[in-house]
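Open the model in a viewer and keep the selection panel at hand. The stops below go from a sheet to charged pairs and then to some backbone details.

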Amino acid sequence: MKGYLSVVLHAHLPYVRHPEHADFLEEDWLYEAIFETYIPLLLVYERLLKDGVDFRVTMSLTPPLLSMLSDPLLQDRALNYIEKLIDLTSKEKKRTEYQEEFKKSADMYNWKFVEARDYFLRYGKNLVNAFRKVQDAGKLEIITCCATHGYLPLMINQKAINAQIKVAVDTHEKHLGRKPNGIWLAECAYFPGVDYTLKDHGIKFFFVDTHGIMYGVPRPKYGIFAPVFCPSGVAAFGRDVESSKQVWSAKEGYPGDTNYRDFYRDVGFDLEYEYIKPYINSNGTRTFTGVKYYKITGETAHKEPYDPQFALERSAEHAGNFLFNRGKQIEWLASGMDRKPIIISPYDAELYGHWWYEGPDFLNFLFRKMHYDQDIIKMITPSEYLAEYPVNQVSAPCESSWGYKGYHEVWLEGGNDWVYRHLHKAADRMCELAEKFNSPGDLERRALNQAARELLLAQSSDWAFIMKTGTNVNYAVRRTKEHIVRFTRLYDSLSSGKIDQTYLSEIEYKDNIFPEIDYKVYG
Amino acid sequence: MGPISKNPKRPPGASGDDTIKLSSGKKVKKPAAGPLAKARAKLSKNKPLLPVKPVVKKDPETAVPSQPAKPAESKQKQEEKQDLPSKILTEKPFSVFIPDEDYNALFPSFYNETCIVLLARDSHWLFTYWEVTRDSVASMKERLGESFNSGTVMLRVYDVTNVIFDGRNANRYFDVRISEGASSWYLHAGDPNRRWLAEIGMFLHDGRFIPYARSNTIKTPADCIASVMDEEWVISEELMKRAYPKEWHMQGDWNENAAESGTAAAAGTLNTMGGSERVHGGSSGWLSSWSSPGSGKEKTPIFWFRVGTEIIIYGATEPDASVTMNGKPVKLAGDGTFGTRFNLNEGEHLVAIEARSADGKFTKAFTIDVSKCTKEGK
């Protein structure tokens, strides 16, 4: 055995809970992720456990995601979502009865959705319990993320940064029964000094993009193939370029294989309106349903029918190819190193299943092949690696992110830079309130805690990201403005001593994240 | 169209050319990387931020042809519709419903506080925003008297690396003239690994600079492999070759390798969620389907049995095309799809469907031959 591979899946969605609407488009992000990514991944893990395959995987479950997965309203709605899909695919099985090329996909969707629903119900609609089970089996290391995926290098206010970490760690412990050892900094965005804050909250490691390590001072001996200790003593692991590229790259990446399922051709758009109407957006707009019958085929509008069995075989081949390349990589590195190299391969979890439909199969094959077919490389979690190598070089990583160009330009550009004036002001005001109110009355305390929630929700890096990418921009702008407006109204009412209880109740009901939050985190 | 290829390698705003995109949609020539240009700021102007409507990015430069603009627009409309508090949940625990705030009207543009804040966008560029209140301007006017009118509003950016700044001891500084009404700006600082601070103030004809406000200090990040080594962790030549591939040795802006993987990674999360974009299927997607008639709900004591057959013909084309079926026009939905449900009579049927593009240049036709023969008994 010559080296290690650490697969890191970052599972995150912004807080998209809209109790005030019976049907809300953006909530579907959660349901899609639950049934297309999280449950398929959990099924892979559970079967590996059952078959005695020794595997390791690291996942960040972000605080907004944990909060939504454990929210009863969203759980019920998720169940409703999958029931509708089961209903649709039951009909689809019939509709395609004489179309052999689609029938096998329709059958597959139907049984997969039924299986997913049964799994969901088996865990009492709370997937956190399912993740926890794999964690407790020692195969999954769950780490945290910034409380609302706040972009720390652009936050400035040290207390606001501290709150993003403190609230995250508390939320993690509440849901997962233990404090996190590690953190996935939102967007992999690091700046020197934030590691001290991580240390304050017991966090032992985090990740940076490749150049975060490569440009570190002094120059790290092993590059990204071993962690470094920041001056604070917290470890930083660097993302491996090569393995990332094999999955992410538009050109060479596995998910672009023409045999894999096409994401865009969806019955939500393809089928006759009256027939599909009950399964699309309740306002009548066609949307994705998740039922898709075509394969990527090529750069052409003409798509060939999807063949699930053939695609499955491709995913096994790709897993073999990935493993072969990692083996070569490890052998090349190990011969020049005086310790076992570690390859860090981080991905957005939602890539697997939601976007790359065969992604969970790929991981399944990868983990099994790694266990059975070779002995060059072994899977490991960052915590285990640090236990094996407790002595590491001290080097200060370089400020960086995993966004385009490697710094902050994705989250700070013409389309989204206006948000920072308001985020900074609200953060400063929150700290001002925390200082001012030492022993608030009940109503004041509620308003103060709610103000903290509004600030945190406004700080999600997702909003700036959506504004940059140009899709769903209205929603991102609306969320930013709404939370700032709500925060500002609370700030004004606390300052003037006139708290509107009805209004407060209303926004407590709408923005109910972090029920246990204590505004003094800003003190 | 593969799933990943949806994320353009170079995302919007990152056209490979040498221009900088402005929020106004205009472009400014990016300063050439050279000593002269480095000597100082050619700057991009940022329009006043508010209460201007949020900028919806449109970047024809980098628009990827496979990303149709129309579905995105209709999506936005759809979101607007959702803003209406029309669908209130009955399980709502409050008796009084407060409609969603008019967040656009209530959103504060400014905070009536004179201030300036500086952020580092990357190793070479800074971003700053500021506010100067009427009161601040008035007292400046009072203080400067006549000379106020000859002055211009200016940003002064100081290099305060290794300095505890007292207003006069900066390593160097550069001035940036800003346009009237601006409240934020991108600044080309040029050098990584330096600490910066900015002031907004009045530059007077006699050369004096009187600041309204001073910013926080920030540092531009490194952009290359460090030359500083740790003697306890000596890197052999062999290891250097293995752990630091060639492409990482260049200096300057970010390297391609990092960008390739970084781009896709960052674009991965939300861009893919909710599937707000779709490659339009064009003229494909012709599926025929039969559905059974509704199950009879009548409760009659008499045993009865009936059979119906329907045929549904549907499809999609360009939203502005016209479609006819056996010579009669077919109404298209806004997104170019259509669907017609027929009761299918006995016998053989020919259905001729024709689509004609809006400009009349293209036509496509299908003929469907359907036959039905129903007999009683087995």
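Start in chain B by selecting strand β6 (residues 152-159) together with β9(B): eight bridges join the two strands, which run antiparallel. The model is a predicted one. For one position within this pairing, pick B:Asp159, whose bridge partner in β9(B) is B:Trp196.

Now widen the selection to the sheet around this pair. Four strands make up an open sheet, ordered β7-β6-β9-β10 in chain B, with antiparallel pairing. At its edges stand β7 (172-177) and β10 of chain B; each has a single partner strand, so one side of each is left without a neighbour in the sheet. Looking across the strands, neighbours are turned against each other by 20° on average, direction ignored.

**Charged pairs in chain B**

Stay with these strands and show the side chains of B:Arg214 and B:Glu199. They form a salt bridge in which the closest N and O atoms are 2.8 Å apart. B:Arg214 belongs to strand β10 (residues 209-219) and B:Glu199 to strand β9 (residues 195-203), both of chain B, so the pair ties together parts that are 15 residues apart in sequence. B:Arg214 is partly exposed, at a relative accessible area of 41%.

Next select helix α5 (residues 237-243) of chain B, which holds both B:Arg242 and B:Glu238, four residues apart, or about one turn of the helix. A salt bridge links B:Arg242 with B:Glu238, and the closest N and O atoms are 2.2 Å apart. B:Arg242 counts as buried at 13% relative accessibility, while B:Glu238, at 32%, counts as partly exposed.

**Charged pairs in chain A**

Move to chain A and select A:Asp54, A:Arg56, A:Lys139 and A:Glu384; salt bridges that share partners join these four residues into one network. Then go to A:Glu506 and A:Lys510, a salt-bridged pair with the closest N and O atoms 3.6 Å apart. Both sit in helix α19 (residues 501-510) of chain A, and because they are four residues apart there, about one helical turn separates them. Are A:Glu506 and A:Lys510 buried or exposed? Both are buried. To see these pairs in context, display the salt bridges of the whole structure: a search over all chains finds 47.

**Backbone details in chain A**

In the loop between β3 (140-145) and α6 (158-176) of chain A, select A:Ile156. A:Ile156 is not a glycine, yet its phi is positive, at about 65°. With a relative accessibility of 37%, A:Ile156 counts as partly exposed.

Follow with A:Glu187, in the loop between β4 (182-184) and α7 (194-200) of chain A. Phi of A:Glu187 is near 60°, again a positive value in a residue other than glycine. A:Glu187 is buried, its relative accessible area being 5%.

Finish at A:Pro218, placed in the loop between α8 (210-214) and β6 (228-229) of chain A. Show the backbone from A:Val217 to A:Pro218: this peptide bond is cis, with omega near -5°.

Terms used:
Residues are numbered from 1 along each chain as its sequence is written. Chains are lettered from A and ligands numbered from 1 in the order in which they are written. This is a predicted model: local features need pLDDT of at least 70, side-chain atom pairs count only at pLDDT 80 or more; totals for chains, interfaces and linings use all residues. Side-chain values use heavy atoms; hydrogens and water are left out. Buried means under 20% relative accessible area, exposed over 50%, partly exposed in between (1.4 Å probe, protein chains only). Two strands pair if DSSP finds at least two bridges between them. Axes are lines fitted to C-alpha atoms, for helices over the stretch in contact, and angles run from 0 to 180 degrees between N-to-C directions.
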